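Trainee: I would like to go through some labels and what backs them up. Can we take them one by one?

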Amino acid sequence: MSSTVDPADPVFRLHRGGKMAVASTVPLTSREDLSLAYTPGVARVCEAIAADPTLADDYTWAGHTVAVVTDGSAVLGLGNIGPRAALPVMEGKAVLFKQFGGVDAVPVCLDTQDVDEIVAVVRALAPSFGGINLEDISAPRCFEVERRLDEALDIPVFHDDQHGTAIVVLAALRNAATLLNRKLGDLRVTVSGAGAAGVAVTRMLIAGGVDPDQVVVCDSKGIIGRHRSGLTGTKAELAAGTNAEGREGDVTEALRGADVLIGVSGGQIPEAAVAGMAPGGIVFALANPTPEVHPEVAARHVAVVATGRSDHPNQINNVLAFPGVFRGALDARATRITEGMKVAAADAIAGVVAESLTADAIVPSPLDPRVAPAVAEAVAEAARRDGVCR
């Protein structure tokens, strides 16, 4: 046994044998049961689906099951640890789907990090599932994987590291702004980090009502803007659509006079930079396990603080989003997940605690049973409104 494994450690005890299993939903105790569930009865269902493929949603698990797909290239804060080491995380994601959204999920860890191969494998697997949840695939490859799968498949494709984070950030910012009697369109926002989460957060905030001219995005080299050369396609889009003032410099300059800091980079931000923000500001320092700014430090200078950690108030946790998003998309038989569906999910999350806002409670608890049903209903309604249902 590896020296890194302690059988007495409760974490290892919990994971022994994995965190999930397959269970039958039908009885198999008699010959009649077998003849209905398998041969000869199953042949009739197969023939019906062959004649009308949409019947698979009703007569197989596809209508309530998603694949949780990773290549192991960006797992939690552990980095590129590969598909086998990523499996415990994907199992965890699957049980969260079931617990909070009533959605069945299957971990699919791929032993390739080639974009073409990932797309080809997922396309080939897609008939077994009602949706694809991409997980822990590193940027910028994750953008192309999602785009190509979204174009190729007639089922929802959702990269949770991007959109789950972005949905919950928008929900939290809505409520923080309400609490402080501010409007989203008036906020000056700095996003620290231009990876998968940073790009999606920026796009989602703009879709939700933040003025793009008032958004400044930073990567490890500083402020992204038209002054920068050699930007990737995604960062070039950010440069063209944000930072209207043409700011240059590092994150300290980006935060000068800002109302909001969204940290999704993992890099540390000095206290002096936070002190340069406008009075009554908002800091979401979401890196795990070490936030970009320690919440106690941030609280010296701003009015509302959120992190990605469960041991501090206002946890920005993707579990508030993805179970309900997929539940709603599956219920509506959506073929894709639109920006309108994501914004609807954020509004629903915000609405759960809208009547009881405090500086330490701008989002619901991840364990709040009201969240997933509210998100699912809002997402399904938005899917119908956006005309993306089969």
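This is a predicted model: local features need pLDDT of at least 70, side-chain atom pairs count only at pLDDT 80 or more; totals for chains, interfaces and linings use all residues.

Trainee: Why is serine 73 called buried?

Mentor: Its relative accessible area is 8%. Buried means under 20%, so serine 73 qualifies. Serine 73 lies in the loop between β1 (65-70) and α5 (83-101).

Trainee: What makes the pairing of serine 73 and aspartate 71 a polar contact?

Mentor: Their side chains are joined at 2.6 Å. The cut-off is within 3.5 Å for N or O atoms.

Trainee: How do you know that aspartate 160 and lysine 93 form a salt bridge?

Mentor: Their closest N and O atoms are 2.4 Å apart. The limit is within 4 Å, so the pair counts. Aspartate 160 lies in helix α8 (residues 160-179) and lysine 93 in helix α5, so the bridge ties together parts 67 residues apart in sequence. Both residues are buried.

Trainee: What makes arginine 327 buried but aspartate 331 partly exposed?

Mentor: Arginine 327 has 17% relative accessibility. That falls under 20%, the cut-off for buried. Aspartate 331 has 44%. Partly exposed runs between that cut-off and the one for exposed, over 50%. The two side chains meet in a salt bridge (3.0 Å, N to O). They are four residues apart in helix α14 (residues 322-331), so about one helical turn separates them.

Notes: Residues are numbered from 1 along each chain as its sequence is written. Side-chain values use heavy atoms; hydrogens and water are left out. Helices (H or I, at least four residues) and strands (E, at least two) are DSSP runs, numbered from the N terminus. Buried means under 20% relative accessible area, exposed over 50%, partly exposed in between (1.4 Å probe, protein chains only). A polar contact is a pair of N or O atoms within 3.5 Å; within protein, one must be able to donate a hydrogen and the other to accept it, and residues adjacent in sequence count only if both atoms are side-chain atoms.
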